[in-house]
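Me: Could you take a close look at the sheet in this model, and tell me in what order its strands run and what packs against them?

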Amino acid sequence: MRTLLLMRHAKSSWDRTDLDDVDRPLAPRGRKAAPVIARYLGEQHLIPDLVLCSHAARARETWQLMAPVLGEAVACKSLRSLYLAAPSRLLEPLRRVADEVRVLMLIGHNPGLGGLAASLAGTGPKKALQRLRTKFPTAGLAVLTFDIERWAELAAGGGRLEDFIRPRDVG
């Protein structure tokens, strides 16, 4: 059994129009939401073995605010290829993750992240599936489980959506 945590970065700031998109930091609301989701993960005993994170400032800051809650020892790899990537491009690094990793987290961006979550979620609670497919908000988290031996076996429709959490659901 494998667990995949797909999280959209927390709410970013648009205050600095001189910054490139990749350099935008989190807004105050985002800085509050990231630890809320981290506490939820801790309460559910969903501590990732590995985090794959977009190199964008807002994604890295999201993880930096979560790490103290989940444990500084959690390995995090920042990948340029995750920045604004399509679902098929997001799937590639997931399939290359070592088999020892049981709980994997990806922190990325919409619309690719929401598209990936929707394509992987073959089953799950109707209400959660509908919310997931309708809107994947900032700091939203999809918890998917897969009955597979290796990450290389990830496939469309192969996962069960266990939960879809928004900060307002747990904050």
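Reply: What follows describes the sheet, the helices on it and the nonpolar residues around it.

The model is a predicted one, and its sheet is open, with 7 strands in the order E3-E2-E4-E1-E6-E7-E5 and mixed pairing. Strand E3 (75-79) and strand E5 (121-123) are the edge strands, each pairing on one side only, and from one strand to the next the twist averages 30 degrees. Within this sheet, strand E2 (residues 50-54) pairs with strand E4 (residues 103-108) in the parallel sense over 4 bridges, and Val51 has Met105 of E4 as its bridge partner.

Two helices that pack on the sheet can be described in turn. Helix H3 (residues 87-95) touches strand E1 (2-8) as well as E2, E3 and E4, and its direction makes about 150 degrees with that of E4. Helix H5 (residues 126-134), by contrast, touches E5, strand E6 (141-146) and strand E7 (159-165), with its direction at about 75 degrees to that of E7.

As for the nonpolar residues, the largest core has 30 of them, and those with the most contacts inside it are Leu4, Leu6, Leu94, Leu104, Ala142 and Leu161. At least two residues of this core come from each of E1, E2, H3, E4, helix H4 (112-120), H5, E6 and E7, and H4 gives the most, with 4 residues. Leaving aside neighbours within four places in sequence, Leu6 is in contact with residues including Leu106, Leu113, Leu116, Phe136 and Ala142. There is also a second, separate core of 26 residues, and Met105 belongs to it, as do Ile37, Ala59 and Met66; this Met105 is the bridge partner of Val51 named above.

Definitions and conventions:
Residues numbered from 1 in each chain as written. Predicted model: local features only at pLDDT ≥ 70, side-chain atom pairs only at ≥ 80, totals over all residues. Heavy atoms only, no water. Pairing = 2+ DSSP bridges. Axes fitted to C-alpha atoms, helices over the stretch in contact; angles between N-to-C directions. Contact = heavy atoms within 4.5 Å. Core = buried A, V, L, I, M, F, W, Y, C linked by side-chain atoms within 4.5 Å. Buried < 20%, exposed > 50% of the residue type's maximum accessible area, 1.4 Å probe, protein only.
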